[in-house]
Amino acid sequence: MTTDASARAIKPELLRTYTEDFNKDRANLIAADAAVSAGVLKAATDYRGVRALPRDFSIELKQGSITNQERSGRCWMFASLNTLRYELMHRWNLEDFEFSETYLFFWDAMEKSNTYLENVLRTLDEATDSRLFEAINWGPSDDGGWWQMFAALVNKYGLVPKSAYPESENSRNSDDFKQYLNSKLREFAAELRRRSVAGASEDELRALKDEYMGTVYRICAVSLGEPPEKFDFFARTKDDAEADADGKAESCKCEGKSDAKACKCGKDKSDKPKTGKDERTQIREIGITPLEFYKKYVPVDVNDFVTLANAPLKNRPFNQRYRIRFSANVAEAGDMEFVNVPLDVFKKAALDQLTAGHPIWFACDCTQFALRKDGFFDQSVVRVDQLFGTEFTGDKAHGLEYGDSPSNHAMTFTGVNLGEDGKPNRWKVENSWGKDAGKDGYYVMSDAWFDRYVTELIIRKEYLDDATRALLAAEPVELDPWQPLTRRCR
């Protein structure tokens with residue numbers, strides 16, 4: 001199609017028509033006053049939509065304190081650790097607990113750097129402007145990720161409590177650290193490719209890569225501090241509870257009895273003087289390793305979870321297992337996989353897991369029809385259609401195919417409200433943006449928003465139906481790294 005320049009330009013006579021039409025409609029003038037003064041989201045907020053999403057839920061899980069990823073792209077890590085800490089807290093009867101996110105952040109930076117350099121060695125024959133190399137070279141050690149990246153790190157390095165490796169300035173605000181790490185990695189990549197052209201052998205190149213990784217370790221250790229090899233752990237159980245050797249905590253069964261001395265728990269409540277001393281049962285570990293801590297104190301196996309996707313795309317048929325090439329952070333752990341299932345299967349798995357009392361890691365596009373400060377995910381709350389006088393009609397397939405709403409943020413479902421018909425109408429969301437975002441750190445999501453923008457769930461295998469579980473043994477269809485659903489959550 002060939003046209004001259006005047007045909008491609010915005011025509012002055014059309015501009016006059018546009019402004020005339022805009023100014024003769026009173027609704028446009030009111031909308032402009034509101035949006036220019038308060039911003040698009042505030043101007044588009046519908047109070048009726050807000051009232052239709054109360055913050056009470058028929059199924060609700062008791063979680064610990066709200067966490068805060070601050071100015072970093074670690075949402076996937078926070079959401080993963082939030083699902084595990086819930087299980088740990090309730091197994092050991094703790095009031096609160098938080099894992100060290102910085103510990104896994106350190107090892108993620110190391111592993112992504114190593115995998116990037118390994119991928120450079122795998123693609124030495126690729127031109128630097130090829131689509132594959134551009135995908136590999138984009139953000140070599142950037143923050144974002146998925147559950148399977150988290151599982152690979154935990155399997156290799158274990159976990160530690162936050163007290164053993166607290167936050168630092170560069171974990172809270174990671175841009176500068178990652179900018180210069182990425183720059184150095186790309187220098188290393190260029191030198192590996194240059195040496196290859198000059199005739200260096202694979203063994204020589206890999207030896208050079210190992211040398212480069214020493215520099216990577218130094219950058220990470222300077223930025224975050226070295227991670228602990230061993231640490232001490234101390235915690236107290238809740239009042240009137242004792243944790244047994246298997247981690248089960250039981251409260252005293254003798255409360256309220258007329259004769260306190262009849263207590264079978266070995267505690268004489270009537271004669272014991274009251275003091276200010278904390279008498280709660282203690283859990284103590286001296287010199288435990290991160291892997292030992294994970295295996296002893298976390299009552300779930302990170303490998304017992306499956307990534308379910310709901311991507312209604314013609315080139316991603318449902319009831320199929322997929323694998324995304326070049327998506328690993330730990331080189332030897334393998335690439336990310338998911339099973340694509342219809343919405344009814346997807347949602348039932350979520351309901352079954354929440355009903356059984358377990359939180360759910362999920363991924364979505366957190367920017368669409370969302371109020372970050374007030375804590376709402378709902379198209380009936382953010383009425384930009386009314387503000388701008390135009391309908392937004394794109395469906396889930398459109399959002400994925402055209403890159404308008406791919407997954408970009410991971411959070412945790414900790415509740416759901418079921419209507420009289422037994423179907424969900426809203427979901428409780430634990431975020432990792434601190435307690436000042438949303439309502440004390442929690443968001444409410446309408447069920448319609450769930451259907452449209454939630455694309456990934458991490459489900460325990462026991463809550464999959466038989467047909468979906470059978471797909472785990474099927475040979476996966478391989479996808480290229482630039483195809484939809486592959487954006488790392490940040």
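Which residues of strand β8 point one way, and which the other way? Glu337 and Val339 take one side of β8 (residues 337-340), Phe338 and Asn340 take the other, and all are buried. Here buried means under 20% relative accessible area, exposed means over 50%, and partly exposed is in between, with a 1.4 Å probe and protein chains only.

## Ground rules

This is a predicted model, in which local features need pLDDT of at least 70 and side-chain atom pairs count only at pLDDT 80 or more, while totals for chains, interfaces and linings use all residues. Residues are numbered from 1 along each chain as its sequence is written, and side-chain values use heavy atoms, with hydrogens and water left out.

## The whole chain

The protein chain has 18 helices and 16 strands. Both are DSSP runs numbered from the N terminus: helices are H or I with at least four residues, strands are E with at least two. Along the principal axes, the C-alpha atoms fill a box of roughly 95 × 70 × 45 Å. Of the 490 residues in the chain, 49% are buried.

## Strand β8 and its neighbours

Back to β8. In a regular strand the side chains alternate between the two faces of the sheet. Strands count as paired if DSSP finds at least two bridges between them, and β8 has partners in β6 and β7.

Strand β6 (residues 305-309) runs parallel to β8, with two bridges joining them. Asparagine 340 in β8 is the bridge partner of alanine 309. Strand β7 (residues 320-324) runs antiparallel to β8, and four bridges join that pair. Phenylalanine 338 in β8 has tyrosine 322 opposite.

## Helix α14

Helix α14 covers residues 343-355, which is 13 residues.

The buried residues of α14 are Phe346, Lys347, Ala349, Ala350, Leu351, Gln353 and Leu354. Glycine 357 follows α14 and has a positive phi, near 95°.

## Salt bridges

There are 36 salt bridges in the structure. The criterion is a side-chain nitrogen of Lys or Arg within 4 Å of a carboxyl oxygen of Asp or Glu. Side chains of opposite charge can pair when their charged atoms come close.

Take lysine 112 and aspartate 108, whose side chains meet at 2.8 Å, N to O. Both lie in helix α7 (residues 101-122), four residues apart, about one turn of the helix, and both are buried. Glutamate 118 and lysine 209 also form a salt bridge, at 2.8 Å from N to O. This pair links distant parts of the chain: glutamate 118 lies in helix α7 and lysine 209 in helix α12 (residues 202-224), 91 residues apart. Both glutamate 118 and lysine 209 are buried.

In helix α11 (residues 175-197), lysine 184 and glutamate 187 sit three residues apart, about one turn of the helix. Their salt bridge has its closest N and O atoms 2.9 Å apart. Lysine 184 is partly exposed because its relative accessible area is 29%, and glutamate 187 counts as partly exposed at 47%. Elsewhere, salt bridges that share partners join Glu118, Glu202, Arg206, Lys209 and Asp210 into one network.

## Loops worth a click

Where does serine 405 lie? Its place is in the loop between α16 (396-401) and β12 (409-418). Serine 405 is buried, since its relative accessible area is 3%. The side chain of serine 405 makes a polar contact with the side chain of arginine 452, at 3.3 Å. A polar contact is a pair of N or O atoms within 3.5 Å; within protein, one must be able to donate a hydrogen and the other to accept it, and residues adjacent in sequence count only if both atoms are side-chain atoms.

Glutamine 379 is in the loop between β11 (376-377) and α15 (384-388). With a relative accessible area of 34%, glutamine 379 is partly exposed. The C-alpha atoms of glutamine 379 and phenylalanine 369 are 5.2 Å apart, and the two residues are ten apart along the chain.

Note on methods: The expected span of a helix is 1.5 Å times one less than its number of residues.
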